[in-house]
Amino acid sequence: MTETSADTAREAVVEAAIGKLGLDAKTRLLAGQDMWSLPELPEIGLKSLVMSDGPIGVRGVRWTADDPSVALPSPTALAAAWDPALARRAGRLLAQEARRKGVHVLLAPTVNLHRTPLGGRHFEAYSEDPLLTGAVATGYVQGVQDGGVGTTVKHFVANDAETDRFTVDNAIAPRPLRELYLAPFEAIVRNARPWGIMTAYNQVNGVTMTEHHHLVNEVLRGEWGFDGVNVSDWMAARSTTGDIEGGMDIAMPGPVTVYGEALAAAVRAGEVEESTVDAAVRNVLRLAARVGALEGAPPVVTEPPATIDGDALAREIAHRGFVLVRNENGALPLAANGTVAVSGAAARDARVLGGGSAQVFPEHVVSPLDGLTAALAAAPGGGAPTFRIGADPSEELVPAGSVSPGFTLRARCRDAGGRLLGEGSLPNGQVQWIGDDLPDGVTHEALASIEVVGTFTPRESGEHAFGTRGLGAYTLTVGGETVFDGVQAMGPETDPFEAFFGSPVERAKVALTAGETVEVSLLHTLDKEFAAPLPAVMFSFVHLGPRRDPDELIAEAVEAARAADTAVVVVATTERVESEGFDRKDLALPGRQDDLVRAVAAVNPNTVVVVNAGSPVELPWREEVAAILLGWFPGQEGGAALADVLTGAEEPGGRLPTTWPAALADVPVTEVTPTDGVLDYAEGVFIGYRAWDRAGAVPAYAFGHGLGYTTWAYESLTAGPDTAVVRLTNTGDRPGREVVQIYLAPASADGERPARWLAGFASVEAAPGETVQAVIPLPRRAFEIWDEEKDDWTLVPGGYEVLAAHSLADARLTATLDI
Ligand code: BGC
């Protein structure tokens, strides 16, 4: 790692600052003062360092929509663009957002692997392939840091599923640990020099990651030269001495942590060397120096990059990440002047981002229906598409206003005597106040009740269901009438956040008329028995619009589709399917969505299905429809980008970053539930396409697959040990972009190495008829394995086939290479 003069200047300021701090100040600095920040230390000119999630936006320190954030597409979508330069631009935008919100450190990117599609946070990670993950994340980290903002690459390491995530012991042999799970972290540390890392909740081989001396101190810092800060995942830190000896620098969140006073006491008792505390303080101060929060130290970035238009970039990333997996008879782009019938509830109520800590509140959202309506209205001779719900996957009540519009809500906070302490605005019916994130004038000590109050103007007439989510006592009033008054008690869940949220419970149905406003109120009385693991108020006022007969909904959509030139069906997962805190149980689309697609496809040969899901879902009708576009969670501009791609203004640019199975039963790795606390990564290095190859199984869509709107002829491939050069020609009639993928296949299969693996990739752009050249570096690591005997990397000599491919299943040219 090259040391610059600015690095040297920063180190000098940091060392001088350490010398001025007493033990108590040092240990205080290593502990969160609240949910998101560290204490300021004016005596050394240190500002309070502020952190915020990541990875698709910067939420800031408050869970409200008052200070909205640009919401980019899900990490799966960013990875699907296979473009580290695009990821870098995303990072720069996020740094701009972070600066705007006073945030120094973005808690991102998530670089755990898609070990199985059942992983609940699959949407939040990039790929099943370590090389692709590492390359995209390297661009992302470079971009954020270009803007002078830190990152915490997370979750180090192997937080690949959510079941029992706080305690699970992932048993992983050294070889898969190195070749798969550590590999992206290593690439990022070596290539982007990240200023931070976040250690995971889980254990690896019997040691919890916040205390993993070997992986943190010896591998990450020792071998790779990581010089950044190591922050615990939220509430992951459990042992004062174990954590500090394990190389964990910051315990989050605060104010109650295993550091602070407890760490100072451990030093005084002789259990911990003060020099060990100093090493952690040094890492925190180095971070502060880099982001410009330590007086006298030159920040890494003095001139942030030029301002980026967030809406435009969100739209660009969305269309660059859309993966067109099927396009029969040129169904897409849509013919000019044709009529379009849209169906699927998600076409109107778009799901643009995944659930959990990755959530942000965008200022606006363009739904597929909004996007298509605007684009078709602008087209010559175009008319608005028709819309029918067709099928609604939301079978559960959701926070009021998060899906159906019409709610205007605020929170009124009172003390035990009924005195009003303060009021706060709410993004929707979900109240999530953690730590000091409370409305002005409100404290946890004084707060006794919260009333979510406001108005609701329904867009549909019928029976509206209202309810509660979370523990405690509730009084629910609709239109001046009390419809529920009771208590929700604790359930058997284990994840503290899940336990606190629980499932939404329907409390009453009320007949309402479209357009007629009613007053609504949910009074929640706090019971200190239901205290969260940290000072927090978390509950929701939930709602579900009128449920109509599902057969009738499908029939209406079918009639509209029959009359149109093209039918567009948007299918989606829900927040209860893909989110943080739990894994998926199956890969089926919820509700009657499969029936809807089949029924529409039966009457319209030009049926285009848009899949609004962050991770793979089964598409049992995939051979029955004309086109399938995987749209991921497409971010706030998703509908505009969708219209760009459907009308042909833009090409869908994505290639699958992860194998898309036909059915869960075919998936080689599905185990996410530990046995006696241990989750055995028994498949070794065989995850994703490596496992599909070994099983000889064929997925619905292969890793790397994705169609554009032009065609490519691969003309020549020359391969050396360091580089592959591919010449290719755009043989179609419109400009296009191709992701040229290079796979290596060892000539002699030994059964221990996968049959093929990704060794490099590059994108090229060409006009119709133009021939271009892709120059793709092949890292030495692509020819190496982790030798468990030697405890080191070792080159595997011999013959290799080098495949230049459009996807794993579509190799166009082959060369041989002797290493
Ligand atoms: C998540 C992290 C996140 C943190 C803070 C944790 O539950 O695992 O990814 O950064 O919360 O929100």
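Which residues does D349 touch, not counting residues up to four places away in sequence? The residues are V403 and R459, where contact means heavy atoms within 4.5 Å. D349 lies in the loop between α13 (345–348) and α14 (368–378); helices here are DSSP runs (H or I) of at least four residues, numbered from the N terminus. D349 counts as buried because its relative accessibility is 17%; buried means under 20% relative accessible area, exposed over 50%, and partly exposed in between, with a 1.4 Å probe and protein chains only. From D349 to I308 there are 41 residues in sequence and 28 Å in space, C-alpha to C-alpha.

The model is predicted, so that local features need pLDDT of at least 70 and side-chain atom pairs count only at pLDDT 80 or more, while totals for chains, interfaces and linings use all residues. Residues are numbered from 1 along each chain as its sequence is written, and side-chain values use heavy atoms, with hydrogens and water left out.

The interior may be considered next. A nonpolar core is a set of buried Ala, Val, Leu, Ile, Met, Phe, Trp, Tyr and Cys residues joined through side-chain atoms within 4.5 Å. The largest such core has 102 residues, of which F156 and V157 touch the most other members. A second, separate core has 55 residues, including L49, L107, A251 and A536. Leaving aside residues up to four places away in sequence, V157 touches several residues, among them L177 and Y181. L177 and Y181 are also among the buried residues of α6. Helix α6 (residues 174–181) is largely enclosed by the rest of the structure, because 7 of its 8 residues are buried.

Two packed helices are described by the angle between their axes and the distance between the axes. Axes are lines fitted to C-alpha atoms, for helices over the stretch in contact, and angles run from 0 to 180 degrees between N-to-C directions. Helix α5 (residues 130–146) packs against helix α7 (residues 183–192) at about 40°, with the axes 8 Å apart. This makes α5 oblique to α7; angles under 35 degrees count as roughly parallel, over 145 as roughly antiparallel, 65 to 115 as roughly perpendicular and the rest as oblique. The residues of this contact of α5 with α7 divide into 8 nonpolar, 6 polar and no charged; Ala, Val, Leu, Ile, Met, Phe, Trp, Tyr, Cys and Pro count as nonpolar, Asp, Glu, Lys and Arg as charged, and the others, Gly among them, as polar.

Notes: Helices (H or I, at least four residues) and strands (E, at least two) are DSSP runs, numbered from the N terminus.
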